[in-house]
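Please keep the sequence and the structure in view while reading.

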Amino acid sequence: MKNLIKEFTKGIIKENPTFVLALGLCPTLAVSVSVANAIGMGIAATFVLLGSSLIISLIRDFIPDKIRIPCYIVIIATFVTIAELCMKAYSPALDRSLGIYVPLIVVNCIVLGRAEAFACKNNLARSFFDGLGMGVGFTLALILISAIREFLGSGQILGHTLVKGFEPIFVFGMPSGALLVIGLLLGLFNLLKDKRA
Amino acid sequence: MTNNLIVSGSPHIHKPASISRIMWTVVISLIPAGIAGVIIFGLDALWVTLVAVAAAVLTELLFGIWTKKKITVLDGSAVITGILLAFNLPSGVPLWLPIVGAVFSIAIGKQVFGGLGQNIFNPALVGRVFLMASWPKYMTTFTQPLRAAGYDAITSATPLAMLKEGKVLEHIRYLDLFLGKHGGCIGEVCILALLIGAALLLIKGYISWHIPVTYIFTTAVFTYIFGGRQLFGGDWLFHILSGGLILGAFFMATDYVATPLTAKGQLIFGLGCGLLTAVIRIWGGYPEGVSYAILMMNAATPFIDRYTKCRIYGTK
């Protein structure tokens, strides 16, 4: 049990997919304009991670080694399609604002990375907690980045104005602002890691 | 008998120049343009400049204390960044704008990369582009020059902005452009004052002619060919005298750190700046392209340096 908790918590800080492994930066840059987008993207990616980790871990002994990547992609694509269709059906507004980045979860390197590095070598329970931890870590990172960007770029969090009279810094709503925020946060995480070590 | 023969390793030629000496000379060479800006736009221009310099110096100091490195405030480079940033702002901006810009210039444009000598972009231009992208409303509201008493501020577009909107510019005289009697940023309007400062730097040998001359010449050629209604009909003199071209060419495109080292590289750098400036002015979305042109060429500097390396004597 203790091991399983460790598999879960490592994804949140010690091996955070965004800030430590630096994986999946493309959707991070693209959808972190608002906190609502970040939560939607995070949930979708966590769902795909969980589902694909489970299935791959279950059938890991049957997948021929030579064609394992295409097999992973098919499994991942299945879950992405489920997530995309659900999103289209139940929150079309979120689907419109995330756009192409929901189907692009198929090629998100966090998902494929966990399949290749973890799920194909570990049993069901461990893969489940690993996928969950990575998904939560990715979601938290997205929320952190998007909260900073939404506040600085439009003066709001989740659509609520926080400070009256604050003149929004437009640049943080643009891609260059995303690169700035992610770069500075990466630097901050490295600084904290050095301090602790 | 004293020994007059001194045996030592290279370098053998000594100059009294040092970083702080060069930087403070640049500060002095910028003063004429500052005075001209204050005369043209009033005391607002002075406050904007002072606030920007103070914020830049303070940020540099705080970073020096935080990172426990040598305190580099006295070498004057932060002062230059502050002045150049302020010179790129309209005089009527609220005073928090130069503060935010100067802090961003020093913190993100310079110290994040490791301080003076490490920055890949010109810090002042990084700050200006940041402000331009964040608060375009303030950055493009220009005060009318030499305004009549009794009004707080009258806005007036820059000649380049009027050109972009397709207005006829026949009433603008070249002499007014040269002396700075038109809307614009604090430090860019008075060409005469800028040239005085640039002459000082050229005479002292602190900047070479390569970048400014190729930059201005290329801009002139391209705006002459493509800037008019038909080919070879552009008003090249207007393009040289308006906007931030002179300020950029002499004071910002000649930044030691972010520009190529060799003469050949500097010619390529100036050519690229001129080409990009002309392209942005003629076909781009912004009326003025000097800051973007210089920043883009800053990014290309490592490549230019790599391909214009001097051959070491005796090697192939």
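## How exposure is judged

A residue is called buried when its relative accessible area is under 20% and exposed when that area is over 50%, while partly exposed covers what lies in between. The model shown here is a predicted one, and the values below should be read with that in mind.

Side chains of opposite charge can pair when their charged atoms come close. One such pair is A:Glu116 with A:Arg68, a salt bridge whose closest N and O atoms are 2.7 Å apart. Because A:Glu116 lies in helix α6 (residues 109-119) of chain A and A:Arg68 in helix α4 (residues 68-90) of chain A, the pair ties together parts that are 48 residues apart in sequence.

Over all chains, the count of salt bridges comes to ten. A:Glu7 and A:Lys10 form one with an N to O distance of 2.7 Å, and both residues lie in helix α1 (residues 2-10) of chain A, where they are three residues apart, or about one turn of the helix. A:Glu7 counts as buried because its relative accessibility is 9%, and A:Lys10, at 12%, also counts as buried.

A:Lys10 also forms a salt bridge with A:Asp130, in which the closest N and O atoms are 2.9 Å apart. Since A:Lys10 lies in helix α1 of chain A and A:Asp130 in helix α7 (residues 124-154) of chain A, this pair ties together parts that are 120 residues apart in sequence. A:Asp130 has a relative accessible area of 1%, so A:Asp130 is buried. Salt bridges link A:Glu7, A:Lys10 and A:Asp130 in a network together with A:Arg114 and A:Arg126.

## The cavity in chain B

Rolling a probe the size of a water molecule over the atoms shows where empty space is left. How many cavities of 30 Å³ or more are counted? The count comes to one, and the largest cavity has a volume of about 320 Å³. The largest cavity is lined by 22 residues, of which B:Met23, B:Ile80, B:Phe251, B:Asp255 and B:Tyr256 are the closest to its centre.

In chain B, the helices α1 (19-41), α3 (77-87), α5 (123-134) and α12 (245-252) each supply at least two residues of this lining, and the largest share, four residues, comes from α3(B). By class, the lining of the largest cavity has 15 nonpolar, five polar and two charged residues.

## The largest pocket

The largest pocket has a volume of about 1,100 Å³. Its lining is made up of 37 residues, and the closest to its centre are A:Leu184, B:Ile108, B:Gly109, B:Val112 and B:Phe113.

Which elements give two or more residues to the lining of the largest pocket? They are α8 (175-196) of chain A, together with α2 (43-66), α5 and α14 (290-307) of chain B, and α8(A) gives the most, with nine residues. The lining of the largest pocket divides into 23 nonpolar, eleven polar and three charged residues.

Definitions and conventions:
Residues numbered from 1 in each chain as written. Chains lettered and ligands numbered in written order. Predicted model: local features only at pLDDT ≥ 70, side-chain atom pairs only at ≥ 80, totals over all residues. Heavy atoms only, no water. 1 Å grid on protein atoms, 1.4 Å probe; cavity = no way out; pocket = protein on both sides within 12 Å on 5 of 7 lines; lining within 4 Å. Points joined across faces, edges and corners; volume = space filled by probe spheres on them. Nonpolar A, V, L, I, M, F, W, Y, C, P; charged D, E, K, R; others polar. Salt bridge = Lys/Arg side-chain N within 4 Å of Asp/Glu carboxyl O. Buried < 20%, exposed > 50% of the residue type's maximum accessible area, 1.4 Å probe, protein only.
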